[in-house]
Amino acid sequence: MPFLVFSLMLVVFGLTTGEFVIAGILPDVADDLSVSIPAAGLLVSAYALGMIVGGPVVTTLTARLPRRPLVGGLVLVSIAGNAASALAPGYAILLASRFVAGLVVATFFAVAISTALATAPPGRQASTVARLTLGMNLGIVAGTPLGTLIGHHLGWRAPFAAITVFSAVALVLVLRSVPDQPAPRIGSLLGELRVFTRPDVVLAIALTAVGNLGAVTVFSFLAPLATDVSGFSEGALPLLLLVYGTGAVVGNFLGGWLADRALMPSLAGLLAVLAGVLALGWTAGVHQVPSAALWFALGVLAFAIIPGLQTRVVTTAQAAPTLAVAVNASGFQLAAASAGWLGGRLIDGPGPRSIYPAAAALTALGLLIALYSIRRDRRPAG
């Protein structure tokens, strides 16, 4: 089993790097393809839209497939999307390839998380999710800065080529480690979908989408925020991504530990602190040293909420956890898709600095959803 978790974590690392590396090379892509920064930001939205569509659709269509060919097929589609990104002759093809690369990600995460939770000791669900999502943290702390560095020196296509090769190696390991098991027995499609009629499940997914929106908007436009607002050079972007990613590793395990002890109260507290830190960006973001500290804090807080958000969905949707986790991943990407659009509009309007207070307000809205969910949980049954 440890080798299975390790191989799945490697795939998560590749998927995460493929998703987030665009944040560090956004100006390079825009310059090479002769498009604006807001237009290049839509590449973030295209990947996210693929996850939004693929989460429920791909998970439902593949629910009865055996695990090994399912996982292998999902990774192959991701490889094809990243390879097409590296070879894209123009903006339109690149936009389409990012959509394809994102199509299978939510389903892969759902299958991986459901498998991990099935082996988790009682009371350690969030910590187990945190260990699995270590690949996501490493993708940000190591993969994304390295990809950005490669992109600056070898061109923006080189990171996608490297991710394609890495994912192919990870695929070989996954195929060797995933047991040749039939699909889990599930009920009818209508029965699976009925779980989304439960208010607590809908609130949990809404909490993921809204609670993440502010942090994802800021991260998606890290490059213009760092260069145009804080005054960093483009050469400093890999270092800032490393700072953010280091915070993400800390936050991942901190969030899992907190969620195992007090799931919803810890989520509410983390969202409150995250909103406050984002609001500080308006003043701290214009100075380099405070800005670097801000990026570390944002990494900690943005990833501290993830184990709890995933666990909340699983605990409220026990009748169809895999589908619910996939839709929840789509909810996260709904935030990412909205971030690409929203950040572009803010840059075109009041300017990139305005992203910070807008992100704080959106995070505060997520806090309100968390507080309302806590209030519902405390109502007497019946």
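Visitor: What makes V313 a helix residue, and which helix is it found in?
Guide: V313 is found in helix α14. The label comes from DSSP: helices are H or I runs of at least four residues, strands are E runs of at least two, and both are numbered from the N terminus. This is a predicted model, in which local features need pLDDT of at least 70, side-chain atom pairs count only at pLDDT 80 or more, and totals for chains, interfaces and linings use all residues. Residues are numbered from 1 along each chain as its sequence is written, and side-chain values use heavy atoms, with hydrogens and water left out.

Visitor: Is V313 called buried or exposed, and why?
Guide: The cut-offs, for a 1.4 Å probe and protein chains only, are under 20% relative accessible area for buried, over 50% for exposed, and partly exposed in between. V313 has 0% relative accessibility, so V313 counts as buried. In space, V313 is 6.2 Å from V201, C-alpha to C-alpha, although the two are 112 residues apart in sequence.

Visitor: What makes the approach of T316 to R312 a polar contact?
Guide: A polar contact is a pair of N or O atoms within 3.5 Å; within protein, one must be able to donate a hydrogen and the other to accept it, and residues adjacent in sequence count only if both atoms are side-chain atoms. The T316 side chain reaches the backbone oxygen of R312 at 2.9 Å, and a polar atom of that side chain lies 3.1 Å from the backbone oxygen of V313. T316 is also found in helix α14, and its relative accessible area of 6% makes T316 buried.

Visitor: Why is the pairing of D377 with R312 called a salt bridge?
Guide: The term requires a side-chain nitrogen of Lys or Arg within 4 Å of a carboxyl oxygen of Asp or Glu. For D377 and R312 the N to O distance is 3.0 Å, and the side chains meet in a salt bridge. D377 lies in helix α16 and R312 in helix α14, so this pair ties together parts that are 65 residues apart in sequence. R312 counts as buried at 8% relative accessibility, whereas D377 counts as partly exposed at 39%.

Visitor: How many salt bridges does the structure hold?
Guide: The structure holds three salt bridges. One of them joins R376 and D200 at 3.1 Å, N to O. That pair links distant parts of the chain, R376 in helix α16 (residues 355–377) and D200 in helix α10, 176 residues apart. D348 and R345 also meet in a salt bridge, at 3.6 Å, N to O. Both lie in helix α15 (residues 321–348), three residues apart, about one turn of the helix. D348 is exposed with a relative accessible area of 53%, while R345 is partly exposed with 36%.

Visitor: What makes F20 and F219 an aromatic pair?
Guide: Rings of Phe, Tyr and Trp (its six-membered ring) pair if their centres lie within 6.5 Å; planes under 30 degrees apart count as stacked, over 60 as edge-to-face and the rest as tilted. A search of the whole structure finds six aromatic pairs. F20 and F219 form one that is edge-to-face, at 5.1 Å centre to centre and 85° between the planes. F20 lies in helix α1 (residues 2–33) and F219 in helix α10 (residues 199–220), so the pair ties together parts that are 199 residues apart in sequence. F20 and F219 are both buried.

Visitor: Why is helix α11 called largely enclosed?
Guide: Six of the eight residues of α11 (residues 222–229) are buried, so the rest of the structure largely encloses this helix. The buried residues include L222, P224 and V229.

Visitor: How do you know that S34 is exposed?
Guide: S34 counts as exposed because its relative accessibility is 67%. S34 lies in the loop between α1 and α2, and its phi is near 55°, a positive value in a residue other than glycine. Most residues other than glycine have a negative phi.
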